Amino acid sequence: MTRIAPKNWYRQRSAGDGITWIDEPYIQEFYRCNIWHVRGRDRDLMVDSGMGVVSLRQWVPLVSERPLDAVASHTHFDHIGCHHEFPCRLCHSAEAEILADPTRVNTLADPYVTDEIFDALPDVPYSSTTYAVKSAPATRILEDGDMIDLGDRVFEVIHTPGHSPGGIALWEAATSVLISGDLVYDGPLIEDTYHANAEAYVRSMQRLARLPVRVVHGGHFPSFSGARLTEIITNWLKEKGL
């Protein structure tokens with residue numbers, strides 16, 4: 001398989017509203033986590049950190065230029081691989097234990113991480129069979145309704161269990177921007193992980209549907225409009241007979 005130099009591993013694109021979309025283009029799209037970087041006046045915000053097979057902090061200067069809150073939307077392997085590189089780590093209380101003591105099982109590295117999820121491999125020492133997320137204990141525990149204040153921007157923590165117990169979305173009311181994690185994105189949703197909860201998933205989707213969203217930045221796949229969010233959730237609920 002082709003090997004990619006670390007300097008070329010990550011891709012950065014503007015998402016508007018002072019938000020940068022960072023991802024790992026050599027991981028297949030279904031498994032490729034979106035990393036969202038938000039510029040603030042006093043500090044920055046980063047939601048999720050990718051697989052961790054190449055250092056994010058070393059090879060994406062944007063995330064190390066200023067004080068930054070590294071938020072875990074949840075603790076699956078593809079979202080927290082580089083959290084250990086950042087001094088300020090935020091996570092919902094329901095998954096803080098996983099962030100502090102990750103295993104191949106509780107982060108879903110087993111069974112998903114194989115060479116088959118890559119289109120090319122990083123040009124660094126790496127083996128899918130021994131891949132593991134590093135411990136990154138939370139320095140701030142999040143709960144529903146908490147605020148993350150960047151000085152001129154404030155994001156509300158919305159607890160969205162269903163995909164996982166401690167899943168969260170971040171809502172910026174002033175701009176109608178929703179960073180939704182893996183609860184909802186414009187692609188096939190995962191509802192059957194070992195700690196998923198079908199009833200909680202429904203409640204979380206109904207809650208997000210009530211927000212006056214303009215744009216959604218999901219955990220996977222490209223961003224989409226608030227109208228598309230309504231369509232996705234409406235169709236999803238209909239499939240559940242609700």
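Is Arg228 buried, partly exposed or exposed? Arg228 comes out as partly exposed, with a relative accessible area of 27%. (Buried means under 20% relative accessible area, exposed over 50%, and partly exposed in between, using a 1.4 Å probe and protein chains only.)

## Ground rules

This is a predicted model, where local features need pLDDT of at least 70 and side-chain atom pairs count only at pLDDT 80 or more, while totals for chains, interfaces and linings use all residues. Residues are numbered from 1 along each chain as its sequence is written, and side-chain values use heavy atoms, with hydrogens and water left out.

## Salt bridges

Start with the partner of Arg228: Glu231 makes a salt bridge with it, with the closest N and O atoms 3.0 Å apart. A salt bridge here is a side-chain nitrogen of Lys or Arg within 4 Å of a carboxyl oxygen of Asp or Glu. The two residues sit three apart in helix H6, so about one helical turn separates them. (Helices, H or I with at least four residues, and strands, E with at least two, are DSSP runs numbered from the N terminus.) Glu231 is partly exposed too, at 41% relative accessibility.

By this rule the count comes to 14 salt bridges. Glu65 pairs with Arg39 at 3.2 Å between the closest N and O atoms. Glu65 is in the loop between helix H1 (56-59) and E6, and Arg39 in the loop between strand E4 (35-38) and strand E5 (44-47), so this bridge ties together parts 26 residues apart in sequence. Glu65 is exposed at 51% relative accessibility, whereas Arg39 is partly exposed at 30%. Both belong to a salt-bridge network that also takes in Asp44 and Arg66.

Then there's Lys240 with Glu191, at 2.7 Å from N to O. Lys240 lies in the segment after helix H6 (226-239) and Glu191 in the loop between strand E13 (177-181) and helix H5 (198-209), so the parts tied together are 49 residues apart in sequence.

## A buried glutamate

Glu95 sits in the loop between strand E7 (89-92) and helix H3 (96-100). Glu95 is buried but has no salt bridge, and the nearest side chain of opposite charge, Arg203, is 14 Å away. (Lys and Arg count as positive, Asp and Glu as negative; His and the chain ends are not counted.)

What Glu95 does have is a 2.5 Å polar contact between its side chain and that of Thr75. (That's a pair of N or O atoms within 3.5 Å; within protein, one must be able to donate a hydrogen and the other to accept it, and residues adjacent in sequence count only if both atoms are side-chain atoms.) Beyond four places in sequence, Glu95 touches residues including His74, Ser164 and Pro165, where contact means heavy atoms within 4.5 Å.

The largest nonpolar core has 35 residues, and Tyr10, Met51, Leu56, Phe77, Phe118 and Tyr131 touch the most other members. (A nonpolar core is a set of buried Ala, Val, Leu, Ile, Met, Phe, Trp, Tyr and Cys residues joined through side-chain atoms within 4.5 Å.) Strand E6 (68-71) and helix H2 (77-80) are the elements giving two or more residues to this core. Apart from it lies another core of 22 residues, including Leu189 and Trp236.
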